[in-house]
There are 2 protein chains.
Amino acid sequence: MADAKTREAGVKGSAKGKSNTQHAVSVLKSLILENRLSSGSNHLESELAEMLGMSRTPVREATLILEAQGLVEVKPRHGVRILSLSPEDMAEIYDILTELESLSAELAAGKDYVEADFATAEDAIRRMDEALANEDRETWAVADELFHSELVRLGGNRRIGNIFRTYSDQVRRARNLTLNLRPKPTKSNDDHRRVLKAIRDGDSERAREIHRAHRVQAKEMLIGILEQYGFHNV
Amino acid sequence: MADAKTREAGVKGSAKGKSNTQHAVSVLKSLILENRLSSGSNHLESELAEMLGMSRTPVREATLILEAQGLVEVKPRHGVRILSLSPEDMAEIYDILTELESLSAELAAGKDYVEADFATAEDAIRRMDEALANEDRETWAVADELFHSELVRLGGNRRIGNIFRTYSDQVRRARNLTLNLRPKPTKSNDDHRRVLKAIRDGDSERAREIHRAHRVQAKEMLIGILEQYGFHNV
DNA sequence: AAATTAATTTACGTATACATTAAAAAATTA
DNA sequence: TAATTTTTTAATGTATACGTAAATTAATTT
């Protein structure tokens, strides 16, 4: 059944040198993050294998990787369960990101960066301003995530980068839901500029505190909305 | 070759309901943490499979899980590489643990715990005192890790627990090396007692700061020793 | 002999067959 | 009928076969 042709058919778009396992990881991740595999749902290996046009082996490997990343839970005779996030889960994740991003800001301020190193961060800020003027919240959110990711990169701790990516993925589902319910993020870029200035000034303590406050506010806003609108599981 | 009997033979000791994959994960992890698979070394899937008395399939799955946990790197035609840790890696890990444990202390102080909730932590402190009196650093280290793990548990953020366990595993290799090179950890328990008191008092800020200082000191001590003794890769 | 090309080896990635065992269904008993 | 046991089903866990492609070796050419 799954001969070379079907396998080829299953590999679409950006997949070139990638193994089927890697392909399965990225496709499943997209499906989950876009809520096309709804959280709480269960899926058999064979079902996913057919959906992806490959055998169970690479699908199995993919689910193990996704499980290690905290996106799914593999429950022996009940299939792969897409994990849902409660407001409490979101709070856990935000607390972690708050600490690690603030540390990154602190570390970044302690390094000798030149102006070019801030180009991407500046670009992200510019795109946020632009998107805000255009009332384009989706674009704003993408640029906002880019800024935070730049901050982590400037901090220089690669393991924080890994943790950041893992949890950013998970948070994205909730963020997309609340994006149009939240107040317009006008103050956000003020904070971003102030953090960046503190980093340029080499003021570790200030960079850390500005960003921490920024993050704490974001957390309270998001959790508040999730609870207010009754999103008990995202 | 690998029939039911050989498979049975491969499963020894504490392995009961565990799948071969899980078994492979824990055995490989032990081998790595005990430096019996030295860091930097490469191992073919087939080699590990034979060593563990099972087929390649569960070994492959195990290596993917260990890769997601940051213990090994799977390099297509060169086998599974046991990752080594440089002093810079150790610094990264310590920085993360410092932040997340300090946050845990802060969170724990904000909760309404009763005395019984601190039993394990108190026990860990007692065992550290005892071990110190007996000059038994190995026991001291185990109890110290338990105390830190209790702190994280009291913080109540389960994801921090996962991160803590992942990196504690990695740090253990280095800690074992330096355990007898470091100064006698006499001050450590003072800090532990003060953190616990701050948590009992509900003083989040103090709990956080005491533990942070404790951790920063530990980091500087460990990194200093690694560099002093020329352990460029653990 | 050095460089290039061809042949071979080998480890991996994947599919598939099969064993295992939990869950579901059916049959039996009280 | 409710509870218990037996049978059946089905999904997973594991082994294995095999195609593929990287790496190595051998062969060829210059």
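User: What makes residues of chain B count as in contact with chain A, and how many are there?

Analyst: Two residues are in contact if their C-beta atoms, placed from the backbone, lie within 7 Å, and by that rule 17 residues of chain B are in contact with 17 residues of chain A. This is a predicted model, in which local features need pLDDT of at least 70 and side-chain atom pairs count only at pLDDT 80 or more, while totals for chains, interfaces and linings use all residues. Residues are numbered from 1 along each chain as its sequence is written, and chains are lettered from A and ligands numbered from 1 in the order in which they are written.

User: Which elements of chain B give two or more residues to the side that touches chain A?

Analyst: They are α4 (56-68), α5 (87-109) and α8 (158-178) of chain B, where helices are DSSP runs of H or I with at least four residues, and strands runs of E with at least two, numbered from the N terminus. Of these, α5(B) gives the most, with seven residues.

User: Why are the buried residues of α3(B) said to lie on the same side?

Analyst: In helix α3 (residues 45-52) of chain B, the buried residues are Leu48(B), Ala49(B) and Leu52(B). Because they cover an arc of only 105 degrees around the axis, they lie on the same side of α3(B). The arc is that of the directions from the helix axis to the C-beta atoms, and buried means that 20 or more other C-beta atoms lie within 10 Å of a residue's own (exposed: 12 or fewer; partly exposed: in between), with C-beta atoms placed from the backbone.

User: What follows α3(B)?

Analyst: Gly53(B) follows α3(B), and its phi is positive, near 70 degrees.
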